[in-house]
Amino acid sequence: MVHLEHVNCILGGAQALKDVTLHVERGEFVFLTGPSGAGKTTLLRVLYGDLKPKSGAADVAGVDLMRLRGAQLPELRRKVAVVFQDFKVLPERTVFENIAIALEVRGVSSVSIDKRVRAVIRALDLEERSYARCGELSGGEQQRVAIARSMVVNPELILADEPTGNLDSDLSRHLIELFKQFNTYGTTIIMATHNREVLSWAPEARQVHLVRGVITEAPPSAAGWVLDTKPIIGGRA
Amino acid sequence: MSTTKLFLRGVADMRRFPLPQLCTLLTVCMVALLAGTGLLILHNVQSEVLRTQGQARFQIYWKVGADLTAVEAQWTDLKRAPGIAEVSTFTPRAALSELMRGLAPKNSGGGLAASNGANGTSGASVGEDFAWLEGENPLPATALVSFNIPPDEQPEPWMGRMYARLKGLEGVEQVTYNPTQLTLATGWIALVQKAAWPALGFFALVVGLVVGNTLKLMMLARRDEVEILSLVGARPWFIRAPLFANGVVQGLCGSVLSLFCLKFLQTWLRSVLDVPPLFLKVEFLPLWQSVALVLCTTCVAGLASLIAARK
Ligand SMILES: Nc1ncnc2c1ncn2[C@@H]1O[C@H](COP(=O)(O)OP(=O)(O)O)[C@@H](O)[C@H]1O
Ligand SMILES: [Mg+2]
């Protein structure tokens, strides 16, 4: 699903990613951990085509990121959904509209949109807020809207950048359960977090540790789940 | 989602930013009005020149108190003269009543009383009765004569000769004509025609910049939405089509609005200029020019919005 080889990335004169090599197979659940400023966001931006690596080889869902041309970016984004810490929902639009937008851009018929959006709204327990403007929702509800928007399209890969960063512990746990559930349906998930508690809720997930743009721990996906929540510093397993 | 739906969404979204939309609409309207006024002047000058092309006009003034029967006989002769196009004649009485008619609606009270006082006749209202002037009418008999200049003649020397002939008529005090009027008008129209293309290009540029700028501002206001659309995999056209529709509607509404303003302007100009001695009938733009104005503005606005919406 994700294949990065010796990827380097420069941001604002500093090297944000250094010689990053990472392979994630279909159906995996991967935590991207590391302190603030380690390069987690940068790595995710590379994965959804927002940032072009300076050198190396990068392939996500069959799209060559090093040779990303105009029409390929929408193709990539239709396979890869992104959830952010700050939700990125439209406050002026309703819950329904915010979720439907992802289907609209794909040219899905309005009958089908109606059905699928309702199903996700039900699954995420947002039924009572369907026609509320997102600006009126709590943070947890807004994040659920953002997750609903990413899940409604059945993406191959979901990238989540500290999705629980603005939420309290209970809500965070609930959201991690949602991601895990979605993962069992076959969606690959890569989630950046620096919250130990979050890691403990999905102990079966693989952890990839980043420090100052360098991957310090990344067992090959074939090696199975890493159960230890403490990252191993200084070298690859 | 179909293109039609995207266009409709773009139009519906205009409601969400009413103030910048209104400002753009007014600016597009103003600029189109400016261009329309230019076209209006050009059109009217052109039709005036065409109408009077090859014609020479003389204003003849007889001496005050000249024998009216003799003058009227001269008018009959004039009307039969070879090459005559048009003769308008005014007896002193007709000229006076024309003058009074021009004055009457403007000052029905104080103004006339004052003029009466100046003439030393108090109490009588001129509007009702100006018989007191009959005997000593200060206005001369006049005639406005237009000739078709014979095609095998040079206009200027021919007009000089005609001037001498008219001046020599019995009882004529003065003849006026403007020998350079013709060449002036022709020269002016050539100049305007030369300037028309650059002016229209400039107009298109201004419309484009104005509309493009508003849409840029709108894109800025909506950059969260654009970012999200792009994140969920919208193709460029999905993002740009609503903005394109917005620009087209702006151009269309602005230019149609400007046509209404132009019509208003023309009606006003006509009421101001279609009076003696000008008798300038300011016409409205011909249909094709009105349509062209609307189409051009709309196209430029649409194009500008496409360019503004480019990443
Ligand atoms: N737009 C940017 N311009 C310049 N430097 C940046 C930019 N974004 C991030 N960086 C730098 O890149 C490094 C990695 O940042 P980031 O990926 O956001 O870290 P994380 O998400 O792990 O907290 C940091 O040193 C940060 O200062
Ligand atoms: Mg970050």
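**View 1. Accessible surface and overall make-up of chain B in the predicted model**. Chain B exposes about 17900 Å², of which carbon and sulfur atoms supply 66%; accessible areas are computed by the Shrake-Rupley method with a 1.4 Å probe, and for residues only the protein chains shown count as cover. Of the 311 residues in chain B, 34% are buried (under 20% relative accessible area, with exposed meaning over 50% and partly exposed in between; 1.4 Å probe, protein chains only). Among contacts (heavy atoms within 4.5 Å) with a separation of 6 or more in chain B, 81% are between residues 24 or more positions apart. This is a predicted model in which local features need pLDDT of at least 70 and side-chain atom pairs count only at pLDDT 80 or more, whereas totals for chains, interfaces and linings use all residues. Residues are numbered from 1 along each chain as its sequence is written, chains are lettered from A and ligands numbered from 1 in the order in which they are written, and side-chain values use heavy atoms, with hydrogens and water left out.

**View 2. Secondary structure of chain B**. Chain B contains 10 helices and four strands, taken as DSSP runs numbered from the N terminus (helices: H or I, at least four residues; strands: E, at least two). Read from the N terminus, the order of elements is α-α-β-α-β-α-α-β-α-β-α-α-α-α.

**View 3. The two sides of helix α1(B)**. Helix α1 of chain B spans residues 3–13, and its residues Leu6(B), Gly10(B) and Asp13(B) are buried. These residues lie on the same side of α1(B) because they cover an arc of only 70° around the axis, the arc being that of the directions from the helix axis to the C-beta atoms. Thr4(B) and Leu8(B), on the other side of α1(B), are exposed. The cover over the buried residues of α1(B) includes α9 (236–273) of chain B.

**View 4. The shell around ligand 1**. The residues around ligand 1 (a heavy atom within 4 Å) include Leu11(A), Gly12(A), Pro35(A) and Lys40(A). Helix α1 of chain A (residues 40–47) gives the most to this shell, with three residues. By class, the shell comprises four nonpolar, six polar and one charged residues, where Ala, Val, Leu, Ile, Met, Phe, Trp, Tyr, Cys and Pro count as nonpolar, Asp, Glu, Lys and Arg as charged, and the others, Gly among them, as polar.
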